[in-house]
Amino acid sequence: MQYLLQLLISGLAIGAIYGLIAMGFAVIYKSTGLVNFAQGEMTMITAYIAWTISTTVGGNVVVVAFGAILAAILLGLIIERVVMRPMLGEPVFATVMVTIGLAVILRSAINFIWDAYPHGLDVGMGRDIVRFDGIGVRTGQIAVIATLLALLAAIWAFFRYSKMGIAMRAVAADDRTALLMGISASRVHAMAWAASSVIAGIGGVFFALSYDLSPAMFQLGLKAFPATILGGLDAVLGSGLGGLLIGITENLAGGYLGSDMKEIAGFAMIIVVLMIRPFGMFGERDIERV
Amino acid sequence: MRTGDYKQTYGELVALIESPPIWLWSAVLLLALIVAPYVLNAYALSFLMIILITVTGALGLNILTGYTGLISLGHVGFLVTGAYAYAILVAKYHLPPLIGFLGAGLVPALASLIVGAPSLRLKGLYLAITTLAFSFIINTVILEMRWLTNGARGLSVQRPEILGISFDSDAAFTYLCLGVATLTLFATLNIRRSRVGRAFVAIRDNDTAARVMGINLHAYKLLAFVTSAFITGLAGALYGIYLSFVSVEGFPFLLSIEALAILIVGGLGSALGAVLGTVLIVLLPEAARLVFSFFSAQLDAVFTTGAQELKSMLYGLVIILFLRFQPRGLVGAWHDIRRAWVNWPLRY
């Protein structure tokens, strides 16, 4: 029982990180209609920048957090402006391939700028272990779950009530009509890339806090994929929940079936999900008209 | 005045090769490739081998992604399955290499049926994601089946001896790769002009219309998967022999991206494009190194220390630049140049 609870809680913690990155996928998909294969790499870069800030400035939490968020916003905006905007109106295949190219560039750039060894991101907190009834939890793990829940609520309110959120939904639903209504689609796209970069970056920083920082972190993007497919590519909140589900599944598979199963549990799950509900649990069914 | 090539009969439309000069140039190229192993040094010869093996794989992916329009991000999965099938049959059970090659084609083809099945319901991005998942699952399966695959330790493979001919030397092995690549080229060109190939292209261009015309989408999509996986598996076996060692690490995920990059750079859906793209992508790092060393020794030093990173950054950059400025690839550029040449001084 205790083993199960321990697995569940650490599953929730890693799942919250997947959830954050999956929400990054969903935010971009919802407003631009493309899957950003460079999401994992963007996550990783933000984490590396946070690490650089923490080692040079000395690890003040507030400074690291603000610096990382600012860097993530800049990264998102630059990528959107330089790489993605010129591809507006091209076929989906082409734009998705561009994000793959981007992923390859970013991944190598990280190895090139920093190094290929693992590092620990230390901001003086998040590593202490709290015990509930014999079950050990790191404060960082609690923090990431809380952050995910807070962000879910914030994003729900954003899409529901704010002008920008409604504009993003309008562009996602039908960009031409939205343009006619006076919504600037390019501003919406820029906003989406920046937001996605920040949300996923938060996930990356939390990952670096609880585990460690290494060039293999881009795989977080691949792990968060199943989460966003499970929740629905166009469902931002669903993706967050999908992350929690994938995290738990993975940990249970790892705990009871063996560590190799842990690596592919998520992928096996999405193949099944895609065959039953190709649009995910919370996604909207595409209706094709001829 | 000659204003271009016009096709006047259906026969010309499905001809294997458009005009006699192409036969001539192809023959010249083939002759050059046959002489090459005697002329080139070992370093250049290794590039030739890699190009020939990669062409085979790229032509395989071209059937799926280029002809049928199904994006696969998991082709490295078929590559590694082919390599393992060959290594297990030949190195572990000491069967003749020909049977090994047959297995290297058939095993990935069978695996492709499993991946292809979900594709019947999925399109575009979702399919790309399923194939991506497949390539990760296959790696885990290989690592898990230790009794068959030696797990992470891998299997070592010897150069084969087929029908009494030993392919042990580099030159001989180049001929083997050349043979397989040439056969694959002929096979894919013939598939393209056959009923099956035209059905593939119809599915790519508009699957609903294709269905209305009476094309069985399920059967043809699966067929595209199977053919593509068969050819890719053969390339995998050759690559395994080239490396002389088959392990999961020898087939990194980057190869899937590289294969797509080759198709994009060359021109999607064209056999000529697959060949041109391969030559460019394989020689790109080498060419870049030459250019860098030409400019300064310092840049050259940077390139030696971060070679692997710069190499993959170049891939990414080339993919993005081609998609942005020349989406039809090298073949598209070639067509533009040819048209400009024929029509000069007119614009069109």
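A residue is taken as buried when its relative accessible area is under 20%. In this predicted model, A:Glu250 has a relative accessible area of 2% and is therefore buried. A:Lys223, at 16% relative accessibility, likewise counts as buried. The two residues form a salt bridge in which the closest N and O atoms are 3.7 Å apart. Because A:Glu250 lies in helix 10 of chain A and A:Lys223 in helix 9 of chain A, the pair ties together parts that are 27 residues apart in sequence.

Over all chains, the search of the whole structure finds 7 salt bridges. Among them are pairs in chain B. B:Glu144 and B:Arg146 meet through their side chains at an N to O distance of 3.9 Å. B:Glu144 is partly exposed at 35% relative accessibility, and B:Arg146 is partly exposed at 49%. In the salt bridge between B:Arg328 and B:Asp336, the closest N and O atoms are 2.9 Å apart. B:Arg328, with 44% relative accessibility, counts as partly exposed, as does B:Asp336 with 29%. These two residues belong to a network of salt bridges that also includes B:Arg339.

Between chain A and chain B, by contrast, the rule finds 0 salt bridges. Helix 4 (92-113), helix 9 (219-231) and helix 11 (259-276) of chain A each supply at least two residues of the side of chain A that touches chain B. Helix 4 gives the most, with 15 residues. By residue class, this side of chain A divides into 33 nonpolar, 3 polar and 2 charged residues. In total, 38 residues of chain A are in contact with 36 residues of chain B. The area buried between the two chains is about 3500 Å², and carbon and sulfur atoms give 82% of this area. A:Phe93, A:Met97 and A:Phe112 supply 17% of the area that chain A buries against chain B, more than any other three residues.

Helix 5 of chain A comprises residues 139-161. At 1.5 Å a residue, its 23 residues should span 33 Å, and the end C-alpha atoms are 32 Å apart, which agrees. The buried residues of helix 5 are A:Gly140, A:Gln141, A:Val144, A:Leu148, A:Leu151, A:Leu152, A:Ile155 and A:Phe159. In an α-helix, residues three or four places apart point the same way, because there are 3.6 residues a turn. The elements of chain A that cover the buried residues of helix 5 include helix 1 (2-32), strand 2 (135-138), helix 6 (163-173), helix 8 (185-210) and helix 10 (236-257).

Terms used. Residues numbered from 1 in each chain as written. Chains lettered and ligands numbered in written order. Predicted model: local features only at pLDDT ≥ 70, side-chain atom pairs only at ≥ 80, totals over all residues. Heavy atoms only, no water. Contact = heavy atoms within 4.5 Å. Buried area = accessible area lost by both parts, 1.4 Å probe. Salt bridge = Lys/Arg side-chain N within 4 Å of Asp/Glu carboxyl O. Helix = DSSP H or I, 4+ residues; strand = E, 2+ residues; numbered from the N terminus. Nonpolar A, V, L, I, M, F, W, Y, C, P; charged D, E, K, R; others polar. Expected span 1.5 Å × (residues − 1). Buried < 20%, exposed > 50% of the residue type's maximum accessible area, 1.4 Å probe, protein only.
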